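Let's take a friendly walk through a protein chain. Have a look at the sequence and the fold, then read on.

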Amino acid sequence: MDIVRSKIKIQNIFEDVQTLFSLPSLLISIACFGFGVGVIGLVVLHNWKTVEVFVFYDSFYSLLMNFGPLVAVFWTAGRVPIEAKKFQDAFCKKIEYRMAFGIAIENQQIDKSLFDTSDLVFSGANVIFYRRSLVLGFAGSILTYTILLVNTNDC
């Protein structure tokens, strides 16, 4: 019963954090994505032979400061499903040990409900679901869209 209470408490905290940070995290993600396209477009369009080194360092710094918050949001929020999976695996091992040693489990329904937990995944207003793999997806999208925009501007 203590595990069930802990699980309910964790889910309530998760829902409160999701409600509080859902829209701001979406807006941060959109702003970082748009700024990343702009900076990479600037880097691609510049003639680096005639520009001073300061402009190159400034562009690199801007790109780094842009991707920092984006990676931080995805990396931190992407840890939640990993920890939920660890919790579920640890609980399953304890149940298996009890069954292996013949210890009776009082309430089978509680155990089944803990086995069947869904993934806890943070989202940005239910538009973007934050997983760690999304960092590479965003980086690839920014690069692809920037190259497409540069190619259409050259025509």
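This is a predicted model: local features need pLDDT of at least 70, side-chain atom pairs count only at pLDDT 80 or more; totals for chains, interfaces and linings use all residues.

## Before we start

Helices here are DSSP runs of H or I with at least four residues, numbered from the N terminus.

## The overall layout

How many helices and strands does the chain have? The secondary structure comes to five helices and two strands. Reading from the N terminus, the order of the elements is α-α-α-α-β-β-α.

The chain has 155 residues, and buried residues make up 30% of them. Its accessible surface comes to about 10700 Å², and carbon and sulfur atoms account for 67% of that area. If you take the contacts between residues at least 6 apart in sequence, 74% of them join residues at least 24 apart.

One pair of residues lets you see such a distance along the chain for yourself. L149 has its place in helix α5. The C-alpha atoms of L149 and V37 are separated by 9.1 Å, although these two residues are 112 residues apart along the chain. L149 is partly exposed, with a relative accessible area of 45%.

## The nonpolar core

In soluble globular proteins, nonpolar side chains tend to be buried together. In this model, the largest nonpolar core has 21 residues. Which residues have the most contacts inside it? They are L70, F74, F122, I128 and Y130. The elements that give two or more residues to this core are α1 (2–45), α2 (53–77), α3 (79–100) and α5 (134–154).

Leaving aside residues up to four places away in sequence, F122 touches F14, V17, Q18, A77, V80, I128, F129 and Y130. Two of the names in that list, F14 and Y130, come back in the next section.

The structure holds two aromatic pairs. One of them is formed by F14 and F122, which are tilted, with 4.5 Å from centre to centre and 35° between the planes. Since F14 lies in helix α1 and F122 in the loop between α4 (108–115) and β1 (123–124), the pair ties together parts that are 108 residues apart in sequence. Are these two residues buried or exposed? Both F14 and F122 are buried.

F74 and Y130 form a tilted aromatic pair too, with 5.2 Å between the centres and 45° between the planes. This pair also links distant parts of the chain: F74 sits in helix α2, while Y130 is in the loop between β2 (128–129) and α5, 56 residues apart. Both F74 and Y130 are buried.

R132 lies over the face of W75, at 4.1 Å from the ring centre.

Now for the charged side chains. How many salt bridges does a search of the whole structure find? It finds three.

Start with E83 and R79, whose side chains meet in a salt bridge of 2.8 Å, N to O. Where do these residues sit relative to each other? They are four residues apart in helix α3, so about one helical turn separates E83 and R79. E83 is partly exposed, with a relative accessible area of 33%, and R79 is partly exposed as well, at 38% relative accessibility.

E83 has another partner. K86 forms a salt bridge with E83, and the closest N and O atoms are 3.6 Å apart. K86 and E83 both lie in helix α3, three residues apart, which is about one turn of the helix. The relative accessible area of K86 is 46%, making this residue partly exposed. Put together, R79, E83 and K86 are linked in a network of salt bridges.

The side chains of D89 and K85 also meet in a salt bridge, at 3.5 Å from N to O. D89 and K85 both lie in helix α3, four residues apart, about one turn of the helix. D89 counts as partly exposed at 34% relative accessibility, and K85 counts as partly exposed at 43%.

## Looking back

Conventions: Residues are numbered from 1 along each chain as its sequence is written. Side-chain values use heavy atoms; hydrogens and water are left out. A nonpolar core is a set of buried Ala, Val, Leu, Ile, Met, Phe, Trp, Tyr and Cys residues joined through side-chain atoms within 4.5 Å. Buried means under 20% relative accessible area, exposed over 50%, partly exposed in between (1.4 Å probe, protein chains only). Contact means heavy atoms within 4.5 Å. A salt bridge is a side-chain nitrogen of Lys or Arg within 4 Å of a carboxyl oxygen of Asp or Glu. Accessible areas come from the Shrake-Rupley method with a 1.4 Å probe; for residues, only the protein chains shown count as cover. Rings of Phe, Tyr and Trp (its six-membered ring) pair if their centres lie within 6.5 Å; planes under 30 degrees apart count as stacked, over 60 as edge-to-face and the rest as tilted. A charge sits over a ring if NZ of Lys or CZ of Arg is within 6 Å of the ring centre and within 35 degrees of the ring normal.
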